[in-house]
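Please examine the chain below, first as a whole and then at the level of individual side chains. The explanation moves from the overall organisation to a few selected sites.

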Amino acid sequence: MATDDLMARALAALDEVDGPMSVEVIHRLVDVGAATDPMTITEVADLLDMSPHTLRYYERIGLVEVARDASGHRSYDARAVRRLVFLTRMRLSGMAMRDLQHYMRLADEGDDTVPERLDLLLEHRDTIRRQLKELTLSLAATEYKIATYGGHTSPSSAGKA
């Protein structure tokens, strides 16, 4: 299941929810199925529509810990995959790598860092909300232009923005 499939599941889950998303919905979105077996780097790359190079980079900079099998190959457990899903959502929403690294370091330090992690996420939520408003305005402008070009303009206005 690639990122497109994860996004389709996320959008379908949004349609099912009246009001704020519950933790259970979020958990369903990152459910890697009934598979309890560790995944290879190729399987995770396919699942998340990421390159193996990016997965190795995330590991190298400390965003995710990945175990090794007896042959020394990377072995992604469900926890690592869930973390990678979170990371991809945060990157898609524009969170900077340095902020993600800071957040993950805090998460790895344990529950004592929850207040600081919450502050980071609240700040990021505000940024996302602002982006959504800006995108909504951009969508309205695009919709207006589409309607305008749908035959409702005069020939003298064809060259205008």
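Predicted model: local features only at pLDDT ≥ 70, side-chain atom pairs only at ≥ 80, totals over all residues.

The mean pLDDT of the chain is 83, with 71% of the residues reaching 70 or more. Confidence is lowest in helix H2 (residues 23-29), where the mean is 53, and highest in H4, where the mean is 97.

The chain contains seven helices and two strands. Read from the N terminus, the elements follow the order α-α-α-α-β-β-α-α-α. Of the 161 residues in the chain, 26% are buried. The accessible surface amounts to about 11,100 Å², and carbon and sulfur atoms account for 56% of it. Among contacts between residues at least 6 apart in sequence, 47% join residues at least 24 apart.

The buried residues of H6 are Met97, Leu100, Tyr103, Met104 and Leu106. The buried residues of H6 pack against helix H4 (52-60), H5 and H7. After H6 comes Gly110, whose phi is positive, near 110°.

The aromatic side chains can be considered next. A pair of aromatic rings is described by the distance of the centres and the angle of the planes. With a cut-off of 6.5 Å between ring centres, the count comes to two aromatic pairs. In one of them, the rings of Tyr57 and Tyr58 have centres 6.3 Å apart and planes at 50°, so the pair is classed as tilted. Tyr57 is partly exposed, at a relative accessible area of 32%, whereas Tyr58 counts as buried, at 7% relative accessibility.

The other pair is formed by Phe86 and Tyr103, whose ring centres are 5.4 Å apart and whose planes stand at 35°, so this pair is likewise tilted. Phe86 lies in helix H5 (residues 78-92) and Tyr103 in helix H6 (residues 97-109), so the pair ties together parts that are 17 residues apart in sequence. Phe86 is partly exposed, with a relative accessible area of 25%. Tyr103, at 11% relative accessibility, counts as buried, because the threshold for that class is under 20%.

Between these two helices, the loop joining H5 and H6 contains Ala96. Is Ala96 buried or partly exposed? Its relative accessible area is 25%, so Ala96 is partly exposed. Ala96 and His124 are 28 residues apart in sequence, while their C-alpha atoms are 9.9 Å apart in space.

Thr148 is buried, with a relative accessible area of 13%. A polar atom of the Thr148 side chain lies 2.8 Å from the backbone oxygen of Tyr144.

Notes. Residues numbered from 1 in each chain as written. Heavy atoms only, no water. Phe/Tyr/Trp six-rings, centres within 6.5 Å; stacked < 30°, edge-to-face > 60°. Buried < 20%, exposed > 50% of the residue type's maximum accessible area, 1.4 Å probe, protein only. Helix = DSSP H or I, 4+ residues; strand = E, 2+ residues; numbered from the N terminus. Polar contact = N/O pair within 3.5 Å; in protein donor to acceptor, adjacent residues only side chain to side chain. Contact = heavy atoms within 4.5 Å. pLDDT = per-residue confidence, 0-100. Areas by Shrake-Rupley, 256 points an atom, 1.4 Å probe, with all protein chains shown as cover.
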